[in-house]
Amino acid sequence: MAAPSGGWNGVGARLWAALLLGALALRPAEAVSEPTTVAFDVRPGGVVHSFSQNVGPGDKYTCTFTYASQGGTNEQWQMSLGTSEDHQHFTCTIWRPQGKSYLFFTQFKAEVRGAQIEYAMAYSKAAFERESDVPLKNEEFEVTKTSVAHRPGAFKSELSKLVIVAKASHTEL
């Protein structure tokens with residue numbers, strides 16, 4: 001599921017995301033600032049781990065990746081965060097730069113704070129060299145207003161990339 005509401009199929013979700021990102025790109029006042037990228041290790045062993053980063057003025061937004069995985073050894077992953085120039089949108093991308101992860105994920109969840117998700121997608125394989133991103137099936141994960149997470153019993157344990165586009169939460173005066 002690419003957006004927090006139900007009923008999106010893979011094609012519709014990708015079209016919606018392309019339109020959203022295209023609209024953001026066409027508005028010069030909302031150009032995306034240079035993203036901040038931080039490397040971190042995804043560690044197997046079946047224990048739940050979290051990695052979190054803040055972005056925006058006064059660290060307005062937070063993106064947290066929580067997971068448990070099995071098999072192999074540590075893998076180096078990256079988290080990239082960026083904001084629009086007016087700081088009303090932010091992106092959080094979590095991925096393995098080498099493409100496919102060889103770890104067996106038993107669970108995952110990426111959460112945002114300070115914003116609501118407008119688009120999210122999870123991938124079993126991240127683009128690398130001449131290969132393209134391979135999205136998870138919609139049944140394998142779910143998107144809410146503030147998180148994207150595995151669906152127990154449906155997730156096939158392959159994860160290599162998560163992408164989130166979120167808009168600032170409005171507070172009542």
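1. A disulfide is taken here as a pair of cysteine sulfur atoms within 2.5 Å, and by this rule the count comes to one. The pair is Cys63 and Cys92, whose sulfur atoms lie 2.0 Å apart. The torsion about their S-S bond is about -75°, so the disulfide is left-handed. It links distant parts of the chain, with Cys63 in strand 3 and Cys92 in strand 5 (residues 89-95), 29 residues apart. Both Cys63 and Cys92 are buried, where buried means under 20% relative accessible area, exposed over 50%, and partly exposed in between (1.4 Å probe, protein chains only).

2. On the basis of the note: this is a predicted model, in which local features need pLDDT of at least 70 and side-chain atom pairs count only at pLDDT 80 or more, while totals for chains, interfaces and linings use all residues. Residues are numbered from 1 along each chain as its sequence is written, and side-chain values use heavy atoms, with hydrogens and water left out.

3. Helices (H or I, at least four residues) and strands (E, at least two) are DSSP runs, numbered from the N terminus. Buried residues make up 44% of the 173 residues in the chain. The accessible surface of the chain comes to about 8,900 Å², of which 53% belongs to carbon and sulfur atoms; such areas come from the Shrake-Rupley method with a 1.4 Å probe, and for residues only the protein chains shown count as cover. Among contacts (heavy atoms within 4.5 Å) between residues at least 6 apart in sequence, 71% join residues at least 24 apart.

4. Five strands form an open sheet in the order 2-3-6-10-9, with antiparallel pairing; two strands are said to pair if DSSP finds at least two bridges between them. The edge strands of this sheet are strand 2 (49-55) and strand 9 (141-143), each of which pairs on one side only. Neighbouring strands of the sheet are turned by 15° against each other on average, direction ignored, with axes being lines fitted to C-alpha atoms (for helices over the stretch in contact) and angles running from 0 to 180 degrees between N-to-C directions. Within the sheet, nine bridges join strand 3 (residues 61-70) to strand 6 (residues 104-113), which run antiparallel, and Ala68 has Gln107 of strand 6 as its bridge partner.

5. A further open sheet, of six strands, has the order 1-4-5-11-7-8, again with antiparallel pairing. Its edge strands are strand 1 (36-42) and strand 8 (134-135), and each pairs on one side only. Strand 5, which holds Cys92, is joined to strand 11 (residues 161-168) by seven bridges in the antiparallel sense, and the partner of His89 in strand 11 is Lys167.

6. Seven bridges join strand 1 to strand 4, the two running antiparallel, and Thr37 has Ser80 of strand 4 as its bridge partner. Strand 4 also pairs with strand 5 in the antiparallel sense, over six bridges, with Ile94 of strand 5 as the bridge partner of Met79. In the hairpin of strand 4 and strand 5, which has five residues between the strands, His87 takes a positive phi near 60°.

7. The structure holds six salt bridges, each defined as a side-chain nitrogen of Lys or Arg within 4 Å of a carboxyl oxygen of Asp or Glu. One of them joins Lys161 and Asp133 (2.9 Å, N to O). Lys161 lies in strand 11 and Asp133 in the loop between strand 7 (115-125) and strand 8, so the pair ties together parts that are 28 residues apart in sequence. Lys161 counts as buried at 16% relative accessibility, whereas Asp133, at 26%, counts as partly exposed.

8. In another salt bridge the side chains of Arg151 and Glu142 meet at 3.7 Å, N to O. Arg151 counts as partly exposed at 27% relative accessibility, and Glu142 is partly exposed with a relative accessible area of 34%.
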